[in-house]
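Here's a quick look at two spots in one model. Have the sequence and the structure open side by side as you read.

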Amino acid sequence: PIPEPAPYFSNNPLPVGKESVRVLAIGNSYSIDALTYAWTILHDAGLDSERYSIYIAPRAGASLEFWSEQYKNDSEQTIYKYAGNLQMPLEKGSLRQLLSQDWDVVVIQQNAANQADYTTYQPYIRQLIDGIRASCTNPKVAIAYQMSWSYASTYVPELNPEEEWEKIRQAAERVRKEDGIDIIIPCGTAIRNARHSDLQTELDLTRDGRHLAYGVGRYIASICWLNTIMAPIFNLNLYGTPSFHHCARYEEEKNDSFPAAIDVTEENYLLCQQFGIVKSEK
């Protein structure tokens, strides 16, 4: 048999049991989709907000190539705190400067247009890994990869969401085997599985064919993200924790023009959590 490629690096594990944790997600609007409800979910699960922070460095449509170039060029970036009360000293500066802080976990991702094609990941994902490890003041920083969801069937008619998800899954598996990132956040699998349930909507749990539907769509991805990263660190059990999200709860969700937005309610939150708590990308 042909041996599997050796991982690019030996990844650090999540800082399980650490008293306080700082997380940075470097990505795009899909990062926002997966983390908009993070604060409320973690609060409802009983996590003290003084023990953590989750920041996002988002750029619309940003790819691994984009972020690799931003690191090389020292272009100014801004990071935004989406959950928790721990404050990072620097919230604006070059990506190199922002990474040169005491992060415990850094999450990276490919953009939607390229995530099904692993050839677009290289050499940029390895360059970004090198930059994170070289810049972060914490030598034990763990690096994770957010695997995202396929487009809705109506968005790109020639693409089959199920086939596209399988390509995305395979790319994430190559990230694990060839790039050494063994912490995969399988948001794409959580959404794919929920599309085969009563939670399915006319736009495949999206609001525009790409971004997740307000309410149920974002909630499932958030549960998946937090269950992969935060639950193991703080020994949280997210299943069974009541956490409801109305589609008009947040200012940006008051636009009723988006179809198929479904509230997270007492009747469906457990089902959402079941789909969100995915153990692997398979």
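L236 counts as buried because its relative accessibility is 16%, and the cut-off for buried is under 20%. Keep in mind that this is a predicted model.

Leaving out residues up to four places away in sequence, L236 touches M230 and A231, along with L42, A45 and L47.

## A covered strand

Next up is β1, which spans residues 21–27 and is mostly covered, with seven of its seven residues buried. Which residues point which way from β1? V21, V23, A25 and G27 go to one side, while R22, L24 and I26 go to the other, and all of them are buried.

## Partners of β1

β1 pairs with two strands we can look at in turn. With β2 (residues 52–58), β1 runs parallel, and seven bridges join the two. With β6 (residues 105–108), the pairing is also parallel, over four bridges.

On the β2 side, the bridge partner of I26 is A57. In β6, I26 stands opposite I108.

Definitions and conventions. Residues are numbered from 1 along each chain as its sequence is written. This is a predicted model: local features need pLDDT of at least 70, side-chain atom pairs count only at pLDDT 80 or more; totals for chains, interfaces and linings use all residues. Side-chain values use heavy atoms; hydrogens and water are left out. Buried means under 20% relative accessible area, exposed over 50%, partly exposed in between (1.4 Å probe, protein chains only). Contact means heavy atoms within 4.5 Å. Two strands pair if DSSP finds at least two bridges between them.
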